Amino acid sequence: MIRSLISKASLSSSSRLTIRQCNPMRASSSLPPRKERFFPSSEYPTDTMIQRQNSSAAATDDSNTPNTIQFEKVAFLGTGKMAQAIMSPLIQTGLQPAEKVSIFDVSVAQMKQASEQNPGVVMAQSIPELVDGADLLVCAVKPQNITEGLCSELRKANIPENATLLSVIAGLPLDMYYATGYQKIVRSMPNTPAMIGRGMTVWCCTENMTVNERDGINQVLGCLGKTIFVDEEKYVDMSTSISGSGPAYIFMLMEAMIDAGVHMGFPRDKATTLVYHTLLGSTLYAMETGEHPAILRNNVTSPSGTTASALYELENGRFRTVIKDAMWACYRRSLEMGGHESNVGPGRAPVPEGRVIQQFLDDHDDLKVSIQKKGDASDHEPKM
Ligand SMILES: O=C(O)[C@@H]1CCC=N1
């Protein structure tokens with residue numbers, strides 16, 4: 001797999017240097033203080049939601065939305081569900097004309113299906129033909145398909161200067177994509193509600209991307225729903241456990257509630273309606289009131305009531321801890337797929353006590369002085 005490609009890739013020593021300079025994981029010294037760095041993107045509207053009516057779609061008018069940026073050519077490597085979730089609204093909203101969109105997939109049937117869904121897009125015959133002249137390459141293949149062979153084919157192709165590679169692949173970190181020859185790289189973690197324009201996408205990019213280029217990417221990802229930019233890559237791994245894989249947890253909860261309804265005697269369709277609307281209504285209620293979920297939960301829970309009985313059993317089954325453990329497992333897997341240290345989570349990486357105390361003292365100089373004073377032997381001498 002590509003882990004070994006960084007070292008194996010036939011990169012000159014000067015391009016290796018460029019990689020290090022561009023890699024935001026390594027070149028963080030020039031970054032502003034942490035508070036400003038986290039979600040700093042007031043310039044990135046996070047509500048670039050696409051309203052889809054029947055098969056057509058229109059972008060909402062967001063006053064923060066920067067002027068529309070059009071690419072010379074957007075190339076899609078892989079034409080699966082996520083690629084099509086970006087491609088269709090991108091074209092239908094007029095952000096990118098179909099004739100300036102190229103697609104390639106090793107599955108010709110899949111590629112043909114994508115072109116039928118998006119009339120006017122160009123089907124490339126090869127990877128070099130796909131990337132030729134494309135200032136944006138959307139990399140939407142499965143992680144296991146990012147192979148040394150694929151990277152070397154991309155490296156040999158005629159990648160325009162300043163072209164950006166936008167990955168929607170889980171787990172693979174920014175620096176793995178340098179083996180493709182691209183220097184400007186975006187890593188995003190979308191989720192499947194993106195298929196109806198209701199996705200949640202978290203993304204980061206290499207430091208060498210200009211504000212204008214980032215705006216362009218934000219517009220493209222905005223086709224999937226809501227976007228959040230982070231400039232520390234670890235948050236993309238973390239978000240995989242919340243929004244990326246999150247829909248699967250919710251679907252499992254749906255299944256369990258529907259099955260219980262059926263068990264009690266509801267017809268399946270009625271049980272399904274009850275569950276869908278309960279989840280939808282609860283989410284909208286929490287969002288609209290802005291109340292903490294615990295308060296909303298308390299509001300449903302009357303003394304000696306039905307909800308209290310149900311909550312007791314959920315706690316008894318470690319409901320919240322099970323969900324948290326599942327999310328830590330997901331985060332660990334994301335780190336593992338990217339070849340990062342993944343021994344994180346409760347009880348996983350105990351920090352030596354001495355280090356905690358030292359850190360505390362380093363953070364509290366005043367305390368250190370008074371502790372040192374106390375430790376002074378003369379303080380313990382009996383007063384005569
Ligand atoms: O399970 C997966 O690998 C992907 C990543 C996020 C959601 N599904």
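This report walks through a predicted model of a protein chain, from its overall make-up to some single residues.

**Ground rules**

Residues are numbered from 1 along each chain as its sequence is written, and side-chain values use heavy atoms, with hydrogens and water left out. In this predicted model, local features need a pLDDT of at least 70 and side-chain atom pairs count only at pLDDT 80 or more, while totals for chains, interfaces and linings use all residues.

**The chain as a whole**

Let us start with the big picture. The chain holds 17 helices and ten strands. Helices (H or I, at least four residues) and strands (E, at least two) are DSSP runs, numbered from the N terminus. Of the 384 residues in the chain, 40% are buried. Here, buried means under 20% relative accessible area, exposed means over 50%, and partly exposed lies in between (1.4 Å probe, protein chains only).

The accessible surface of the chain is about 21800 Å², and carbon and sulfur atoms supply 56% of it. Such areas come from the Shrake-Rupley method with a 1.4 Å probe; for residues, only the protein chains shown count as cover. Among contacts with a separation of 6 or more, 65% are between residues 24 or more positions apart. A contact means heavy atoms within 4.5 Å.

**Two annotated spans**

An unreviewed UniProt entry lists residues 73-171 as "domain: Pyrroline-5-carboxylate reductase catalytic N-terminal". That span is 36% helix and 18% strand, and its end C-alpha atoms lie 27 Å apart. The unreviewed entry in UniProt also gives "domain: Pyrroline-5-carboxylate reductase dimerisation" for residues 233-337. This span is 86% helix and 0% strand, with its end C-alpha atoms 14 Å apart. UniProt positions are given in the numbering used here, feature names are shortened, and annotations may be inferred rather than shown by experiment.

**The ligand**

Which residues are found around the ligand? They are A170, M189, G244 and S245, where being near means that one of a residue's heavy atoms lies within 4 Å. Taken alone, the ligand exposes 240 Å², and the protein buries 48% of that.

**Two residues with positive phi**

N162 is a residue other than glycine, yet its phi is positive, near 70°. You can find N162 in the loop between α7 (148-156) and β7 (164-167). With a relative accessible area of 46%, N162 is partly exposed.

S304 is not a glycine either, and has a positive phi of about 55°. Its place is the loop between α12 (293-300) and α13 (306-316). S304 counts as exposed because its relative accessibility is 82%.

**A closer look at K184**

Is K184 buried or exposed? K184 counts as buried, because its relative accessibility is 9%. This residue belongs to strand β8 (residues 184-189). Leaving aside neighbours within four places in sequence, K184 is in contact with N162, A163, T164, L165, T206, N208, M209 and E213.

| Pair | Apart in sequence | C-alpha to C-alpha |
|---|---|---|
| I228 and T240 | twelve residues | 13 Å |
| N212 and L224 | twelve residues | 20 Å |
| P267 and T240 | 27 residues | 35 Å |
| K184 and Q110 | 74 residues | 28 Å |

Where do the other residues in these pairs sit? I228 is in strand β10 (residues 225-229), and at 24% relative accessibility it counts as partly exposed. N212 is part of helix α8 (residues 211-222), and is exposed, with a relative accessible area of 52%. P267 lies in the loop between α10 (246-264) and α11 (268-289). At 44% relative accessibility, P267 counts as partly exposed.
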